[in-house]
Amino acid sequence: MTDALIIGGGSGMGLALARTLLAEQMDVTIAGRSADRLAAARAELAPAAGGRVRTVRADIGREEDVAELFDHLGSVEHVVVTAADVTGAYGRSADISASAARSVLDVKLLGAWLVGKYAAGRVTGSLTYTSGINAYRPNGSNTIVAAANGALASLASGLALELAPVRVNVVSPGWVDTPVWDRLGMDKRAAFADLAGRLPARRIGTADDMAQAFLSVLRNGFVNGTVLHVDGGHRLV
Ligand SMILES: NC(=O)c1ccc[n+]([C@@H]2O[C@H](COP(=O)([O-])OP(=O)(O)OC[C@H]3O[C@@H](n4cnc5c(N)ncnc54)[C@H](OP(=O)(O)O)[C@@H]3O)[C@@H](O)[C@H]2O)c1
């Protein structure tokens, strides 16, 4: 039994959530694909958390990995999915390969569904997915990622009925300064400065902003079948 499983918790907002939950004295299991990323996360977290942090290699896009992950854990109170791999998926649809588009859907949407499938009878408290602002503010160069993110709201609604009384929700981040931006090959400082000037919050989000949002969804037993927008007001501009 583990208190919380964070799939994608080896970096970014998932790692910030792991730090937050460990500070709340919870037992946390982090899952991801890269052994190096998991080892680095463990090296950072273990000195303060000791035996309360575990890591497991799993690719959420592979059904056998998701099944094994839940077999390995037995029962778990809260699951948060932050996993996404959007390699090759940004640009105009005419320039995106079908295999890059499929990879996004395999991880972000079907992977999320697989977690819901194997959560039945194993997850006791809540299941929270991570979508994103581009579902609500697509920009013409992120269509397939936006579609996957948008579909998570419907997935959560359906699973909230199927898995009741387990609560199923989505957190939708705006732009958040995490390692994913370093892999996009763009001038992130300039893009952040430009957006921060236009956002009502007047700043870009932090991984800790997101960790606090996930924590509030985990803790509030009446939040169910909904999308929590944590985007500094991005949908308003
Ligand atoms: N940062 C933003 O501005 C922003 C905005 C809107 C939405 N989001 C969403 O927020 C979520 C978290 O992103 P982040 O910014 O924290 O990025 P991140 O640091 O890149 O974290 C994503 C994590 O997912 C893991 N992952 C990727 N594919 C996986 C798979 N198939 N199975 C298991 N784990 C997998 C990665 O580790 P491995 O590669 O080792 O597997 C990585 O640790 C994502 O869903 C992203 O789409 C982010």
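**View 1. What covers the buried side of helix 3?** In this predicted model, the cover over the buried residues of helix 3 includes several strands: strand 1 (2-7), strand 2 (28-32), strand 3 (53-57), strand 4 (76-81) and strand 5 (123-130). Helix 4 (98-119) is part of that cover too. So which residues of helix 3 are buried? Look along residues 63-73 and pick out Asp65, Val66, Ala67, Leu69, Phe70 and Leu73.

View 2. Starting at the N terminus, the elements go β-α-β-α-β-α-β-α-β-α-β-α-α-β. Now for the contacts: take those between residues at least 6 apart in sequence, and 72% of them join residues at least 24 apart.

**View 3. The overall shape of the chain.** The C-alpha trace spans about 45 × 35 × 35 Å along its principal axes. How does the radius of gyration fit a compact globule? A globule of 237 residues would come out near 18 Å, and the chain has 17 Å, so the two agree. Of those 237 residues, 49% count as buried.

**View 4. The surface and the charges.** As for charges, you'll find 23 positive and 23 negative side chains, with the centres of the two sets 4 Å apart.

Definitions and conventions
Residues are numbered from 1 along each chain as its sequence is written. This is a predicted model: local features need pLDDT of at least 70, side-chain atom pairs count only at pLDDT 80 or more; totals for chains, interfaces and linings use all residues. Side-chain values use heavy atoms; hydrogens and water are left out. Buried means under 20% relative accessible area, exposed over 50%, partly exposed in between (1.4 Å probe, protein chains only). Helices (H or I, at least four residues) and strands (E, at least two) are DSSP runs, numbered from the N terminus. Contact means heavy atoms within 4.5 Å. The radius of gyration is taken over C-alpha atoms; the globule rule is 2.2 Å times the number of residues to the power 0.38. Lys and Arg count as positive and Asp and Glu as negative; His and the chain ends are not counted. The place of a charge is taken as NZ of Lys, CZ of Arg, CG of Asp or CD of Glu.
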